[in-house]
Amino acid sequence: MQFMLLFSRQGKLRLQKWYVPLSDKERKKISRDLVQTILARKPKMCSFLEWRDLKIVYKRYASLYFCCAVEDQDNELITLEIIHRYVELLDKYFGSVCELDIIFNFEKAYFILDEFLLGGEAQETSKKNVLKAIEQADLLQEVSQTPKIFT
Amino acid sequence: MPAVSKGDGMRGLAVFISDIRNCKSKEAEIKRINKELANIRSKFKGDKALDGYSKKKYVCKLLFIFLLGHDIDFGHMEAVNLLSSNKYTEKQIGYLFISVLVNSNSELIRLINNAIKNDLSSRNPTFMCLALHCIANVGSREMAEAFASEIPRILVAGDTMDSVKQSAALCLLRLYKTSPDLVLMGEWTSRVVHLLNDQHMGVVTAAISLITCLSQKNPDEFKTCVSLAVSRLSRIVSSASTDLQDYTYYFVPAPWLSCKLLRLLQCYPPPEDGAVKGRLVECLETILNKAQEPPKSKKVQHSNAKNAILFEAISLIIHYDSEPNLLVRACNQLGQFLQHRETNLRYLALESMCTLASSEFSHEAVKTHIETVINALKTERDVSVRQRAADLLYAMCDRSNAKQIVAEMLSYLETADYSIREEMVLKVAILAEKYAVDYSWYVDTILNLIRIAGDYVSEEVWYRVIQIVINRDDVQGYAAKTVFEALQAPACHENMVKVGGYILGEFGNLIAGDPRSSPLVQFNLLHSKFHLCSVPTRALLLSAYIKFINLFPETKATIQEVLRCDSQIRNSDVELQQRAVEYLKLSSIASTDVLATVLEEMPPFPERESSILAKLKKKKGPGAVSVTELEDNKREGGELNGGGDRGPDTAAMAASNASTPSPSADLLGIRSAAPVGAPPASTGSLLVDVFSEAGPAAPSAAVNDDGFLSSAPPSEDPAPPLSEADELLNKFVCKNNGVLFENQLLQIGIKSEYRQNLGRMYLFYGNKTSVQFASFTTTVSCPGDLQSHILFLNVQTKPVEPLVEGGAQIQQVLNIECLTDFSDAPLLNIKFRYGGALQNLTLKLPVTINKFFQPTEMSSHDFFQRWKQLSQPQQEAQKIFKANHSMDTEVLKAKLLGLGTALLDNVDPNPENYVCAGVIQTKSQQVGCLLRLEPNAQAQMYRLTLRCSKDSVSRRLCELLAQQF
């Protein structure tokens, strides 16, 4: 996988993960182009499209679009299920996840993604194992954290 | 604010995010952000040391601002500080910031690497994973340098936790992708391969991605993975849906792992071991069977996971292309998907069938679905699906169904989406030509094409129809008649006018007997379009007119009248004016004999690769056109273009030369056409240019060949390369040491060595005179893309001593790094003063792409398997040439070894032939190369064929090597 983008129906990027080295400028251009292309597509259309020399796999969940760019020889359907598994992970962690969870806890969304995919490849596909890793980390936080409340 | 309080809440961050969300306008948002940035900056700069929590919070805010799309130019240091915190939560945010925002700031990288190093050696698995994730996310060269040797150790160590192993495997994969030269598996290879047997499914899932990538690059070293992968796959495929517990996904056992295993197997030919192969075929059959079983769940995830495995299995079956039963079964199962209610499945089935169409075993089976596919082209609502349908029709087209498919594509073109019209036009043009038995059908098709989609008909397409009409005299009359009729439409496309002008100018006489298309009627028809056309078309029409004067003397007065009018003879466009003046003069002073000679019918064009096919290939990139297609085209092209009985020499050359059309159109080619016999000029006519073997002349390449001693150029600029620079370069293609250059003053010797993508070259400059050389300087300029500032080679030198005493020799060391494949050699410019006169000379340094070869030994089976895999037409380069040197076996062998490849014995069935294999190592990628040299001692000729995974490399190697034998 070359990158993954999450964006809202209004075209706002909610998460971006790049697995290939690209300059900031290129990233912005790619996101802009792709968001436009995908938002222009109708609901019943196919989830795959050719875009430049990549294959784009996307799916909409409520108000959020999940979009992955994979290489020519990669499997589209399994990529679609990568997206779904990630959604399941978010859902389980946040408890019926919504867009706001991802906005306010963006760092968690990144941590969960890193446990699931690394370098653009599936690292751990078991839902239990991924969540176990994240929960362990949360536990560590609670133990080591001295409560402080000021802004 | 949502009520998530998992882990630590950072209230300040949440408030800030809320504020941003409440901003009513972009301006308000920017204002709020600037306020926050100022606040954070002052906190970071403040005298009071920040505690870890605050630092974390501010770094997180910066990250949020960056992800909103704003630039962040500070905070990196604070993030790096967080890395060494012993609080997990702070460390984690630090790593996230670095992963998202780090650039190759050298100072920082050292600090980051230090922190990573500490965490890697901490033996705390959670910290180790964080560090590995960071390396995998950044993946920079600096990190590869620091950790590429450490991570394999972590990966295979017995006491490493499973989760760390998983991260280590994928971390290594990322580093291997960015810096393959730094990741050396060597001793670890076998232990890494055996991770396929690991108890933990997650470890296998992660490791297999690494193994697949390594296998693609070093298939031989990793080939033991094939049998391991087959047995692992077999265990998964035959397991019940509950056996694998949490690795079962919607009743499908381990779909991700299954797909990855099938993908790994596609790096290899079918297993040679009968038992392994049998087991694999069984697996594939089971997968095909399972896909037919009633679904265990109605959820789309269930069917997607199941079909993902099915499609991957079909890819493997197509890759093997050796099991007719499986191929036909695959085709039938895909056939069921063609009418599935899921758009996704229809799309994938069309795509996958495209590749099945190119296999001889399944081509016929694919053809049976023609009606469904045509229907898809007409009724699919999604353009990307229609595009797949059009591709499949193109792929399944052969002589038996060409007329139907071309007709369907033409009718689709009328309503086709703009985005795919040009490609459709090319495809129709190619199919019409390739399968034309009846040339009137071909002419009709192309004229229809121009009528329906004139704007999308590129030059290549209409050049081609003219080329074919010129070469086939049985279609000329029909073509003239049809184009004459087409021109009568009130609004016809300019491309139609061009074709019409050309064809009537050549063959109008064939229809002139009919009073409805008498010469004057023809002329008036053409001329009625003249004023609506662009300059190049008008130029072409003027040439058609002068041809008319020759064909039909009765039109002479009318045409002269037209040429003479102010709008022609004083046209503000120089080209048009010149043509009008010259044609008018020519028609008035030349005798009919002279006129007839000058304006004779165009001679047949030499047979060559279709320019349309070349264009489609360029448009679609490698893989768009299958080899069979190209070969078919060669075979059938001969038929079409009227007996091409040229030697293999010209055929090969023709195929390697791409045509370069010049902008202004002309159909006479007075100066360069055969009848007059004048030497071709660079301003020659369009069609002669387009179809001539040589392409545009390049007179500017002539090089200043001033004697080095007598008249050195006075300028301080580097001199152009010596005229013999290429020759000198060629001497060093197959050797690394020797004398590069010598004249009365100076001798330059070379010693060089190469390893992987690196090289070191020692240059020895010897002063042959007894007088000192002063201001001796050398500069090396590397080839690269000037426009994009991308270097292909990186050459580093140290300056040499400016004084070289008489009789002395000085040495210079060059360090060379090959960044990507390249064609041009670096230039070495040498300047010095000898007795007051500035000497300035430029040579090509003998650094050629083959220097970065690593030899690859392989068996005959492997060789031909890989040869077959590299079968896209662009991947091959071939030359047939006369022997320039001795054809002695030992000499040839020595040269081929000097080339840097492995010379493979007992591979080619013909013992006279030589085959070699190697991998070119560049920083950006590795390029696999196969070479075959077939000598013909009787004819004193060779045929040299190269197939490389990168087309530019094939071409360059072919050029280089053709000079060597």
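**Note on the predicted model of chains A and B**

1. Asp398(B) sits in the loop that connects helix H21 (383-396) to helix H22 (402-413) of chain B, in what should be read throughout as a predicted model. Although this is a loop position, Asp398(B) counts as buried, because its relative accessibility is 15% and the cut-off for buried is under 20%.

2. The surroundings of Asp398(B) can be described at two levels. Its side chain is joined to that of Ser400(B) by a polar contact of 2.6 Å; and, when residues up to four places away in sequence are not counted, Asp398(B) touches His363(B), Glu364(B), Lys367(B) and Tyr435(B).

3. Two further positions of chain B deserve a remark, both of them in helices. Gln865(B) belongs to helix H39, which covers residues 860-869, and with a relative accessible area of 14% this glutamine is buried; once its neighbours within four places in sequence are left aside, Gln865(B) is in contact with Pro269(B) and Pro270(B).

4. Tyr463(B), for its part, is placed in helix H25 (residues 459-471) of chain B, where a relative accessibility of 1% makes it count as buried. Its C-alpha atom is separated by 9.1 Å from that of Ile612(B), a residue 149 residues apart from Tyr463(B) along the chain.

5. Turning to chain A, the model gives it five helices and seven strands, which follow one another from the N terminus in the order β-β-α-β-β-β-α-α-α-β-β-α. Chain A has 151 residues, of which 60% count as buried, and among its contacts with a separation of 6 or more, 48% are between residues 24 or more positions apart.

6. Helix H1 of chain A, residues 24-39, is 16 residues long and spans 22 Å from its first C-alpha to its last, close to the 22 Å expected at 1.5 Å a residue. Which of its residues are buried? They are Arg27(A), Ile30(A), Ser31(A), Leu34(A), Val35(A) and Ile38(A). Viewed down the axis of H1(A), these buried residues fall within an arc of 125°, and therefore they line one face of the helix.

7. On the face of H1(A) that is turned away from the buried side, the exposed residues are Lys25(A), Arg32(A) and Gln36(A). The buried residues, by contrast, have a cover that draws on both chains: it includes strands E1 (3-8), E2 (13-18), E3 (48-51), E4 (54-61) and E5 (64-70) of chain A, together with helix H5 (88-101) of chain B.

8. Arg41(A) forms a salt bridge with Asp382(B), for which the closest N and O atoms are 2.8 Å apart.

How values were computed
Residues numbered from 1 in each chain as written. Chains lettered and ligands numbered in written order. Predicted model: local features only at pLDDT ≥ 70, side-chain atom pairs only at ≥ 80, totals over all residues. Heavy atoms only, no water. Helix = DSSP H or I, 4+ residues; strand = E, 2+ residues; numbered from the N terminus. Expected span 1.5 Å × (residues − 1). Buried < 20%, exposed > 50% of the residue type's maximum accessible area, 1.4 Å probe, protein only. Arc of directions from axis to C-beta. Contact = heavy atoms within 4.5 Å. Salt bridge = Lys/Arg side-chain N within 4 Å of Asp/Glu carboxyl O. Polar contact = N/O pair within 3.5 Å; in protein donor to acceptor, adjacent residues only side chain to side chain.
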